[in-house]
Amino acid sequence: RNLNKEIKRAKKMKCSFCGAYGAGLGCRKQSCPKTYHFLCLGAASCRRVMKLFTAYCPEHKDLRLDNEESSDSEDEALDVDSIVCEVCRQTENEDKTLICERCFKGYHIYCLNPPLDVIPSDDWFCVDCS
């Protein structure tokens, strides 16, 4: 129930990096209004704290709030820069990489058959999961 509510909420939110709707990840600093898509976090130079499933916008990325340690565990769980396209097996062009909402596998939009011109604003599922 809460997940569906969050998905509806995110669809109304514009990404502070790319400007498209569907940006459900907000800066952890409570008063900061910036929101991002998961894939835009890295491109926007946000600091991701994967252990806590949270992120900081570039302006607040040096902040450390309660229950945070300065450690190498940040970004280790799912680093967008290391997602391999299931078709071409390459890691470049993360801004052109889709991640399936169900299996979390990555695909470049230009490697799909047929290829896509842009990252879809709605949830996306790979052929195996759709």
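By class, nine nonpolar, one polar and one charged residues make up the lining of the second largest pocket, in a model that is predicted. The space in this second largest pocket comes to about 190 Å³, while the largest pocket has a volume of about 1,500 Å³.

**Second largest pocket and the aromatic pair**

- The residues lining the second largest pocket are Val87, Tyr107, Leu112, Asn113, Pro114, Leu116, Trp124, Phe125, Cys126, Val127 and Asp128.
- The structure holds one aromatic pair, and this pair is formed by Tyr107 and Trp124 in an edge-to-face arrangement, with 5.6 Å from centre to centre and 65° between the planes.
- Tyr107 belongs to strand 6 (residues 106–108) and Trp124 to the segment after strand 6, so that the pair, with its partners 17 residues apart, links distant parts of the chain.
- Both Tyr107 and Trp124 are buried, and both are also among the residues that line the second largest pocket.

**Largest pocket**

- The largest pocket, with its volume of about 1,500 Å³, is lined by 46 residues, of which Gly22, Leu25, His37, Phe38 and Glu101 are the closest to its centre.
- Two or more lining residues are given by each of helix 1 (2–11), strand 1 (25–26), helix 2 (38–43), strand 4 (54–56) and strand 5 (97–99), and the largest share, six residues, comes from helix 1.
- Sorted by class, the lining of the largest pocket consists of 30 nonpolar, six polar and 10 charged residues.

**His37**

- His37, one of the residues closest to the centre of the largest pocket, is located in the loop between strand 2 (35–36) and helix 2.
- His37 counts as buried because its relative accessibility is 18%, which falls under the 20% limit for that class.
- When its neighbours within four places in sequence are left aside, His37 is in contact with Cys15, Cys18, Ala20, Tyr21, Gly22, Ala23 and Leu25.

**Nonpolar cores**

- The largest nonpolar core has 13 residues, and the members that touch the most others are Cys15, Cys27, Tyr36, Leu41, Cys46 and Cys57; helix 2 and strand 4 each supply at least two residues of this core.

**Cys46**

- Cys46 is placed in the loop between helix 2 and strand 3 (47–49), and with a relative accessibility of 8% Cys46 counts as buried.
- Not counting residues up to four places away in sequence, Cys46 touches Tyr36, Leu41, Tyr56, Cys57 and Pro58.
- Between Cys46 and Pro58 the C-alpha to C-alpha distance is 4.9 Å, although 12 residues separate the two in sequence.

**The chain as a whole**

- The protein chain has 130 residues, and 32% of them count as buried.
- Among the contacts in the protein chain with a separation of 6 or more, 28% are accounted for by residues 24 or more positions apart.

How values were computed
Residues are numbered from 1 along each chain as its sequence is written. This is a predicted model: local features need pLDDT of at least 70, side-chain atom pairs count only at pLDDT 80 or more; totals for chains, interfaces and linings use all residues. Side-chain values use heavy atoms; hydrogens and water are left out. On a 1 Å grid over the protein atoms alone, a cavity is a set of points where a 1.4 Å probe fits but cannot get out, and a pocket is an open set with protein on both sides within 12 Å along at least five of seven lines; lining residues have an atom within 4 Å of a point. Grid points are joined across faces, edges and corners, and a volume is the space filled by probe spheres set on the points. Helices (H or I, at least four residues) and strands (E, at least two) are DSSP runs, numbered from the N terminus. Ala, Val, Leu, Ile, Met, Phe, Trp, Tyr, Cys and Pro count as nonpolar, Asp, Glu, Lys and Arg as charged, and the others, Gly among them, as polar. Rings of Phe, Tyr and Trp (its six-membered ring) pair if their centres lie within 6.5 Å; planes under 30 degrees apart count as stacked, over 60 as edge-to-face and the rest as tilted. Buried means under 20% relative accessible area, exposed over 50%, partly exposed in between (1.4 Å probe, protein chains only). A nonpolar core is a set of buried Ala, Val, Leu, Ile, Met, Phe, Trp, Tyr and Cys residues joined through side-chain atoms within 4.5 Å. Contact means heavy atoms within 4.5 Å.
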